[in-house]
Amino acid sequence: MGVDLRQVVAGILTITMFVMLGQMLHRDYYDSVQEKAQGDAHDIEFEGSRVSVKDSLVGALEGNKGPWMDDNNDLNPCWPTLLSDEAVSSKGYVTFSLTNGPEYHISQITDAVMVAKHLGATLVLPDIRGSKPGDERNFEDIYDADKLIKSLDNVIKVVKQLPEQVSLRDIAIVKVPTRVTEDYIKEHIEPIFKSKGNIRVATYFPSVNLRKSSQDGETDPVACLAMFGSLELQPELNAVVESMIERLRTHSRKSDGRFIAVDLRIEALEKKNCHSTGVGGSKTCYNAQEIAVFLRKLGFAGDTTIYLTQPRWDSSLNILKDIFPKTFTKEAVMPASKRSKYLESESSEYENVIDFYISSRSDVFVPAISGLFYANTVGKRIALGKPQVLVPAEISETSSLATDFISPYISKKNHLAYSCFC
């Protein structure tokens, strides 16, 4: 059989493309870059990521294709099982809403629980509000209300609805900074609560930095319980996430069912302009081509399965799929019977929650975009014993070790989660 010259030329062009991509890269490990403490998560840079292999908290698995690492199941909750003898509540109520997506929900529920606990108030289950006007859902549409109420049984009283006799005019709106402390509550919130009797908490984010601080002292056990032991998906939505994860694992037989989740959203990349650099030459995000080359240089095989948080396929992702053909977005791995409810609705809240929980449970997580989604996904992964979070970088070597790019939140054990797990 004769040789088809078109196939030969196509093969040469493919090889040339990979060579050119490799030559385009330069070293950028952001060793000295710190996160900027601004309220908008989209303006936060990655912290330095380069660490030595000997300092890594995870070990490479032998005999498997690719730089996969072991889970770490040594950590356990270190807050007391019983935080108090019983929940004590006053006649007052604390209300609030969950907004802006699951990465914010974790902080908002934690702050509301802290406020209710230290005021001796009853907490009212929140509604959930999306980014669009009128995009509102009940708490139970996404989260397990009974689980939350039971988990907080010995801490605070929780009710599903505000009693009819309580007028909205009697509720004072109080803004609280995330990671609110007992001292702040006593000084700034308690006087208002005593005056009005009921308050509505609105959490604001002076920073999305979730690093431990020596000034914080010990993390309040109530905050630990609220942050890591209260929120779970409601059964139907949890089953959808489980089925998507299982389908991703079936595509990954050659890597023992392991897959990578990459937080890569085209809209966010366009807003952040990934070609520019921040303080100290660091980058705040990486595009599809840069992520593809990063993963290949770390040694991940071309048949590695990758899940993207991008809502729908975009042509700019084609370069990633060329290098990793088993790259999927939600519509490709979600059960067909569930797409009309979870993908075709006007609300993106379902999709954001699905992305967060799949990213938390994947074998490897790569944050192509810095910010609160990255920070809270890391916290969830620490709680689940899944420390392989790889912060991307432009690598000049032909090959590097994945352990060199473990998130500093994990390699330095400086994430807030390490105050709650030991």
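Which residues in H7 meet which residues in H13? I took this as my opening question, working from a predicted model.

**Entry 1: the contact.** I listed the residues on each side. From H7 come Leu-237, Val-240, Val-241, Glu-242, Met-244, Ile-245, Leu-248 and Arg-249. In H13 they meet Tyr-350, Val-353, Ile-354, Tyr-357, Ile-358 and Arg-361. I then sorted the contact of H7 with H13 by class and recorded 11 nonpolar residues, 3 charged residues and no polar ones.

**Entry 2: the geometry.** I noted that two packed helices are described by the angle between their axes and the distance between the axes. Helix H7 covers residues 235-250 and helix H13 covers residues 349-361; they pack at an angle of about 50°, and their axes lie 10 Å apart.

**Entry 3: the cavities.** How many cavities of 30 Å³ or more does a search of the whole structure find? The search finds 2. The largest cavity holds about 50 Å³ of space.

**Entry 4: the lining.** I wrote down the residues that line the largest cavity: Ile-106, Ser-107, Thr-110, Asp-111, Thr-178, Arg-179, Leu-210, Met-227 and Asn-376. Helix H2, residues 102-119, gives the most to this lining, with 4 residues. By class, the lining of the largest cavity has 4 polar, 3 nonpolar and 2 charged residues.

Methods:
Residues are numbered from 1 along each chain as its sequence is written. This is a predicted model: local features need pLDDT of at least 70, side-chain atom pairs count only at pLDDT 80 or more; totals for chains, interfaces and linings use all residues. Side-chain values use heavy atoms; hydrogens and water are left out. Axes are lines fitted to C-alpha atoms, for helices over the stretch in contact, and angles run from 0 to 180 degrees between N-to-C directions. Helices (H or I, at least four residues) and strands (E, at least two) are DSSP runs, numbered from the N terminus. Contact means heavy atoms within 4.5 Å. Ala, Val, Leu, Ile, Met, Phe, Trp, Tyr, Cys and Pro count as nonpolar, Asp, Glu, Lys and Arg as charged, and the others, Gly among them, as polar. On a 1 Å grid over the protein atoms alone, a cavity is a set of points where a 1.4 Å probe fits but cannot get out, and a pocket is an open set with protein on both sides within 12 Å along at least five of seven lines; lining residues have an atom within 4 Å of a point. Grid points are joined across faces, edges and corners, and a volume is the space filled by probe spheres set on the points.
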